[in-house]
Amino acid sequence: MVDQGIDVCEFYCLCYNNPVRYKSMMERFSKIGLNLNIFEGVEITDPRIVDQPISEGIKRLWSITYGHIEMLKLFLQTDKKYGFFCEDDIYLHKEFANHIPKIIEEFETMNLDFLLLGHMTNYKIEDWILGYNLKHQFDNRPYKYHNYPATEHGHWGAHLYMVTRSHAQFLIDKFGNGYADATLTDSSLPHFSPDWTITKQGNRALMYPMMAVEDSIGDYGHGGQTEYHKSNTRLNYDPEYFI
C-alpha cells in the first residue's frame with residue numbers, strides 16, 4: 001500500500017466566538033505542520049434553533065451539534081478522502097501529523113467509517129474492559145484501537161475524530177435533516193448532541209492513548225461534570241507529548 005499523508009485529509013475545528021481559542025488552535029496545528037480550517041459555529045438565532053421550545057442550554061447544545069454537521073458539509077465540498085474534526089478545547093499530540101500516514105493505513109485495514117482520536121475517559125482504556133476489546137492488533141504502535149459501546153451513554157467526547165466521505169454524508173442525512181426536531185416528540189431518540197449521535201454510528205473505533213486531550217479549562221455548569229472533565233485531563237494530558 002502506498003503511504004497516504006496529509007494531502008488526502010482536511011482538518012476542521014469548531015470555534016464559536018472565542019478569539020483566544022481561535023488563536024491557540026491555529027497555532028497548535030501550525031506547529032505540527034497542519035492547515036486548520038476554523039468554522040465559527042451556528043448561532044442560536046439560526047432558524048433551526050431560535051423558536052424551538054427548549055431551554056437556552058439545549059439551544060447551545062443544538063448549536064454545537066449543528067456546528068459539527070456544517071463542518072461535515074464543508075468537508076464534502078472538498079475532494080479530500082478523509083476529514084478530521086475537532087473542538088477548540090484540546091491539547092494536540094506533538095506527533096499527530098507524523099502518525100497520520102499509519103493512522104490512514106490502519107483505518108483502511110479495519111475498514112472503518114469513524115475513528116475517535118480524542119475523547120473523554122477518567123480511566124485507562126484496556127482491552128479487558130467490557131465493550132472495549134481490541135478492534136485490531138497492530139504491533140509497535142504507541143496507541144491501540146478499541147471498540148466502544150454503541151449506547152448513547154457508552155463513551156463521551158467528540159474532541160477529535162476522523163471520517164470517510166461516505167460516512168460524512170450518512171451523518172448529514174441522518175442527523176442534519178429534521179432529526180433535532182424529531183427528538184422533541186419522540187423520547188426514544190438519543191439527544192441531539194455529538195456525544196449521543198455522531199460518535200455512535202457505523203463501523204467505529206477509538207484510539208487510546210489519544211491524539212487529542214480536552215484541556216478542561218472552564219466551568220461545565222455542574223460540580224460533578226466539571227470534576228469529570230478535569231479528571232480526564234489529569235489522567236491523559238502530559239506536556240511532554242501534547243501542545
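Start on helix H1: its buried residues pack against strand E1 (9-14), strand E2 (36-39), E3 and strand E4 (90-92). Contact here means heavy atoms within 4.5 Å. Buried means under 20% relative accessible area, exposed over 50%, and partly exposed in between, with a 1.4 Å probe and protein chains only. Helices (H or I, at least four residues) and strands (E, at least two) are DSSP runs, numbered from the N terminus.

This is a predicted model, in which local features need pLDDT of at least 70, side-chain atom pairs count only at pLDDT 80 or more, and totals for chains, interfaces and linings use all residues. Residues are numbered from 1 along each chain as its sequence is written, and side-chain values use heavy atoms, with hydrogens and water left out.

**Helix H1**

Select residues 19-31, the 13 residues of H1. From first C-alpha to last, H1 reaches 18 Å, close to the 18 Å expected at 1.5 Å a residue. That expected span is 1.5 Å times one less than the number of residues. Now colour Arg 21, Met 25, Arg 28 and Phe 29, which are buried. They cover an arc of only 90° around the axis, so they lie on the same side of H1. The arc is taken from the directions from the helix axis to the C-beta atoms. Turn to the other side of H1: Pro 19, Val 20, Lys 23, Ser 30 and Lys 31 are exposed there. Just after H1, stop at Gly 33, with a positive phi of about 85°.

**Strand E8**

Next, select residues 156-164. Eight of the nine residues of strand E8 are buried, so E8 is largely enclosed by the rest of the structure. Strands pair if DSSP finds at least two bridges between them. E3 (residues 82-87) pairs with E8 in the antiparallel sense, over five bridges. Look for Tyr 82 opposite Thr 164. E5 (residues 114-120) also runs antiparallel to E8, joined by five bridges. There, Leu 116 has Tyr 161 as its bridge partner.

**Thr 121**

Move to the loop between E5 and strand E6 (134-136), where Thr 121 is found. Is Thr 121 buried or exposed? At 1% relative accessibility, Thr 121 counts as buried. Leaving aside neighbours within four places in sequence, its contacts include His 155, Tyr 208 and Asn 232.

**Helix H3**

Finish with residues 96-109, helix H3. Centre on Lys 102: a kink of about 35° sits there. The bend at a residue is the angle between axes fitted to the seven residues ending there and the seven starting there. Buried residues of H3 include Phe 96, Ile 100 and Phe 107. Asn 111 follows H3, with a positive phi near 55°.
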